[in-house]
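Subject: Structure handover

Hello,

Here is the structure I said I would pass on. My notes on what was found in it follow below.

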Amino acid sequence: MPFESLSARVELHIPDFPPEWLPLTYLYDPDLPLFPVLYFHALDPELEPGQRPTFRDRVYGFIQYLNLTPNGAAVGVVLNKDLGRAENARYEPLVRELVRERLGLNQRISLSDLKGRLGGALVPANQVIEELWHQIIAPAFGNALPFGRCWDGVFGLVRFIASWNSDGGRKGELIQTHYFAAAFGERIATGNLINVDFYLLPTFEELQDSSNPLNLFPKFGELVRAAEAFGSKYCDDVEFDGLKFSAFKMVRTGVGRKLNTDSVLEMIDAERDPIRRALFENYNAFNRGPHRSIISLMMLRDLRRKGWHPAALSPSTCAKMYFELEGSYQTPKVIQLFAQQCFGAKSALPIDIWVKTFLNWPLGFELSNRSSYAALFASCDILGKLERLIWVASQGRKVHSSTCAEILWCIRYGGPDKQLRGANPLSCKICLPQIRGACPAYAAIADKQIAFNMAALTGFSIETSAGDDTTANQRFVRVSGEGIYDEYSSRDRPSGYLPYPQSHGSGPLTVTSFLAGY
């Protein structure tokens, strides 16, 4: 018996969808017009415990369109169950719930979630978080941000593995996701003028049920068995906090010391079909990225054997992960991104260069060693929600959004060699006063001394256009010191400074005095 076709439609009224979220809602990618992104798949809510689901004991589909209305949004859903039929009435609340989750509505982030929630070493950052919310989120995003189970647990697993060191950004990641779905999912027929490429993957519950051989998903079942065979052969276990993670050991492969295309292909070719076939298609799916293909196998294996659950990661576990999994070829960033985006894990913080930079400037917290990671995760139990603010603010600054046009210069590069700009006299001078006044990174440099046209042993050194302290009407060229370099702020906003020199006495000039005088 085949899976039911996608031939039913329903339009749901979502009264609380903020119109400002429309730009954040991606239904498709222009280069993959037949591949719906907001996919869902769930089992019959009345399925008896322990009962293995059949082809028909499930509802699946995708969000086809979203139209703003005077009272929220009308959301068109394509699915396998006709919700107008009495026998399918039990699926209607579930479908509505899944649609709301994909849109990030059920666990949306409000200012009350973040206000005053930072403790420990991050207490001084509470005020700037609130000011950034008022500057960016309130006017641009309807005073809220989406959060929760925004991606299906299996579809999203693939999508976020694809994000690891991937060329092509979001587009490249979705191309990899499409390949994986086509290679390991079950193609679902369509009807009623619906024309999409829809591939059904098992539910997360089916993936985690080791007693289920996944016979309804034969290609995915082969991959799961191949992942277990691969892990048993080439991986050790790393255990902490009662959790178990696979750790790939190159030394056990016998194909050299370096993980690359040749070594991966040699490991694959050493197997027999169907394991060999599944391993090769997994490698192909992730754009033949050796590391991504290994991550996929380890995560599938660990989730299948319930080594850990993405919805149950504590702040302490999230912190330890960044060190306990070193050398394992696992990626804490991908694990926590998956947990955050697919399960609404509030403790998860996927740390990349943007997050580390933002923590340093403007939040004034340097992330460096094990103790700093422990302090960070101990400071707040909703870092997953805070990360969404960091991401929106960082992207806004990156693309020169009007909401960030006059703030957060510190998170951008300061020179052509990608030097850190950071908090410095020039970048802080052109930041909006309401942000600067609440900023821990600025407070940390406010009393630092400035030297002009000479090297400074401490504090900052600012070079001016004539290189002296007497020529009138000079402009500022660059600043260095305290671990930063910035030649761009004075070019980005040349009108943000008075000409050098101004009258400021013969004594040392602090950053605070510089901002007041220039």
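A nonpolar core is a set of buried Ala, Val, Leu, Ile, Met, Phe, Trp, Tyr and Cys residues joined through side-chain atoms within 4.5 Å. Please keep in mind that this is a predicted model.

The largest nonpolar core here has 176 residues. Within this core, the residues with the most contacts are Phe220, Phe248, Leu376, Phe377 and Phe514. Phe220 is also one of the buried residues of H7, along with Gly221, Leu223, Val224, Ala226, Ala227, Phe230, Gly231 and Tyr234. Helix H7 runs over residues 218-234, which makes 17 residues. From first C-alpha to last, H7 reaches 24 Å, close to the 24 Å expected at 1.5 Å a residue.

Which residues does phenylalanine 248 touch, leaving aside those up to four places away in sequence? Two of its contacts, Phe230 and Tyr234, are among the buried residues of H7.

Helix H11

In helix H11 (residues 315-324), the buried residues are Thr317, Cys318, Ala319, Met321, Tyr322 and Phe323.

A buried glutamate

Glutamate 387 sits in helix H15 (residues 383-398). Is this residue buried or exposed? Its relative accessibility is 5%, and buried means under 20%, so glutamate 387 counts as buried. Not counting residues up to four places away in sequence, glutamate 387 touches Gln340, Leu349, Pro350 and Val355.

The sheet

There is an open sheet of five strands, in the order S12-S11-S10-S9-S13, with mixed pairing. Its edge strands are S12 (484-486) and S13 (509-510), each of which pairs on one side only. Strand S11 (residues 476-481) and S12 run antiparallel and are joined by three bridges. On this pair of strands, valine 479 has aspartate 486 in S12 as its bridge partner.

Cavities

How many cavities of 30 Å³ or more does a search of the whole structure find? The search finds four. The largest cavity has a volume of about 110 Å³. Its lining is made up of Pro362, Leu408, Trp409, Cys410, Ala423, Ser427, Cys428, Cys431, Ile435, Arg436, Cys439 and Tyr442. Helix H16 (425-429) and helix H17 (433-436) are the elements that give two or more residues to this lining.

Regards

Terms used
Residues numbered from 1 in each chain as written. Predicted model: local features only at pLDDT ≥ 70, side-chain atom pairs only at ≥ 80, totals over all residues. Heavy atoms only, no water. Helix = DSSP H or I, 4+ residues; strand = E, 2+ residues; numbered from the N terminus. Expected span 1.5 Å × (residues − 1). Buried < 20%, exposed > 50% of the residue type's maximum accessible area, 1.4 Å probe, protein only. Contact = heavy atoms within 4.5 Å. Pairing = 2+ DSSP bridges. 1 Å grid on protein atoms, 1.4 Å probe; cavity = no way out; pocket = protein on both sides within 12 Å on 5 of 7 lines; lining within 4 Å. Points joined across faces, edges and corners; volume = space filled by probe spheres on them.
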